[in-house]
Amino acid sequence: MPDSPSDEVTDDAYEAPYDLAVIGAGCAGLAGAVTASELGLSVALLDASGQIGGQFYRRPAPALGAKRPEALHHDWSAFADLRGRLEASEVVHLAGHHVWAVTRGSEGGAGWAVHAVTGPDGGGDRPVRVRARTVLLATGAYERHLPFPGWTLPGVVGAGGAQAMMKSGLVLPGSRVVVAGSGPLLLAVASSLATAGAHVPAVVEASGYLGYARRPGVLAANPQKLVEALVHGAALLRYGVRLRTRSAVTEVHGSDRVEAVTVSRVDRDWRPVRGAGRRIACDALAVGHGLVPQTELATGLGCATRRTPDGAYALVLDGLQETSVPGLWAAGETGGIGGAQLARAEGDIAGIAVAARVYGQPALTRDGRVRKLQRRRDRMRAFADVMAAAHAPGPGWVRWPDDTTEVCRCEEVTAGAIREAVTDYGAHDARTVKLLTRAGMGWCQGRVCGAAVACLAAGPGDGSVPPSAERRPLAVPVPLGVLGALEPDDAGADSTGRPDATGPDPGAEQTS
Amino acid sequence: MARDRTPAELAGAAPEAAFEITFDGRALPALPGQSVAAALWSAGIVAWRTTRRGGRARGAFCGIGQCYDCLVVINDRPNRRACLVPARPGDTITTQEGDGHAGLAV
């Protein structure tokens, strides 16, 4: 029963163990849930939002009466197909469920317990636990941000944030919006903002596009990606949007809100080139530097990760999407940023692989359908790697923030304070910087500043993203009362031998 | 050219009737189905929190509930994420100063 608010879910939904719990109702999770359900498994589909679709297919709430939600999207037919299959299925959709931990079940380690708080912002009175024999993590990604002077001024929003607010709330952050940062999302955001009526004076991309040309074979195998680029490019041309590559917004001007930005040329390492920047008047800036896989539920259980070509961490997965922890699968951006089509293919594979495991029929994964899906996946993964490399943050960005620029927005920690911790107190990693300055210790648990703090902690000379030991035992803030009310079986059943995965973490503050 | 177009027109939105909320005492219209942050953006408001140390203005940033920059006081309850919480008729939205607990019995 898709799109039903969580308060309509009956207690039965939390009783019996499911064959599969899917976390995340975006492209990957939807594909995995319906595929597994169509093979006869009982499936619970948990998602923080009130509606299915994830970030890519985010859309207005029904009360907004959008007759053409597809006008805000690409590839809507793929979503319509998944939604139709979900409606026809027995999948139990648990909307408004914010999963804060997955722990091993109490029945001899054979299953999993998925813990969630409920309500629009997780502040509901009803914490819940869903039990399942297997889990598919399809938790998507969040945006990577790099700091520069003025980026905390009201009117500066995430590029993905501007897109999300427009898709769901039908609103714009301003009337004249500069789009900046790096990555393919910028073109999509600029073209949709312009189509929806915003004036977009410029798209400012720190990388060039030549990075793609270094792997012509991979491009030729993924013609759909070129078509997407052409669609966005055509929209930008139609609305007179200027694309400035090898450039970055290096300062935001304004007292109470954004009034203008300075755009500077950067070299191939993203280091600003000397000379006057160009000032562009605007009342909003939508900025982002690529996406980062959201993996904390998996890393909390010990799943292995790999370094992606743009310095992020993604889950290590086998040919059938299983993580290094048996019984735990992942699909979509959690295995590396690759987009909606790749996420669907991976969700399909994972759904079949889970069914094969639950039924004890490995042959299910050896038919032509799986081989075809795997070929598609491998082709798109190759493109994703090219894309990540083409937009990998250059080490020179560390020169953007001056000493007064806030890096950690939650704890208001400046670049100067972090540099002092590195040069005067000998901190050389993000954790030490955090302990000395509180950078990354606030509400967002370092999701916003994590990449930047890690680079700055590595000190001068290396701005490439160094290894980060990001671990968030609680994936979302949880009231202490919820932790206190856990039954001992739930709280202590982590049989991995690692420290109790549900223990309270000083970095996760209660927000209500 | 569609310079005067809005996202609502693009999506063919025919929303149910608007209702009223207040922001720091000022009456604002909100549409059913919009988040508190979307209703505030509709009114041209992009800041509704001041930071705990520097007292600097903040509003929605990530738009998807990840960054907690959009924390606001809704009906006397602080630290609600404006980008996630739907606006309801009669909601009293107040700028959150610092941790939002000053003057509250909590």
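Domain bounds, as used in these legends, come from an automatic or database domain assignment. The model is predicted, and local features need pLDDT of at least 70, side-chain atom pairs count only at pLDDT 80 or more, and totals for chains, interfaces and linings use all residues. Residues are numbered from 1 along each chain as its sequence is written, while chains are lettered from A and ligands numbered from 1 in the order in which they are written.

**View 1. Domains 2 and 3 of chain A.** The assignment divides chain A into domain 1 (6-142 + 292-387), domain 2 (145-289) and domain 3 (396-457). The centres of domain 2 and domain 3 of chain A, taken over C-alpha atoms, are separated by 25 Å. Contact (C-beta atoms, placed from the backbone, within 7 Å) links 14 residues of domain 2 of chain A with 13 residues of domain 3 of chain A.

**View 2. The side of chain A that touches chain B.** Here 49 residues of chain A are in contact with 48 residues of chain B. Helices (H or I, at least four residues) and strands (E, at least two) are DSSP runs, numbered from the N terminus; the elements giving two or more residues to this side of chain A are β7 (141-143), β8 (156-158) and α3 (159-169) of chain A. Its largest share, seven residues, comes from α3(A).

**View 3. An open sheet in chain B.** Three strands follow the order β4-β3-β8 (chain B) with mixed pairing, where two strands pair if DSSP finds at least two bridges between them. Because β4 (57-58) and β8 (96-97) of chain B stand at the edges with a single partner strand each, one side of each is left without a neighbour in the sheet. Strand β3 (residues 49-50) of chain B pairs with β8(B) in the parallel sense over two bridges, and B:Q96 in β8(B) is the bridge partner of B:R49.

Conventions. Contact = placed C-beta atoms within 7 Å.
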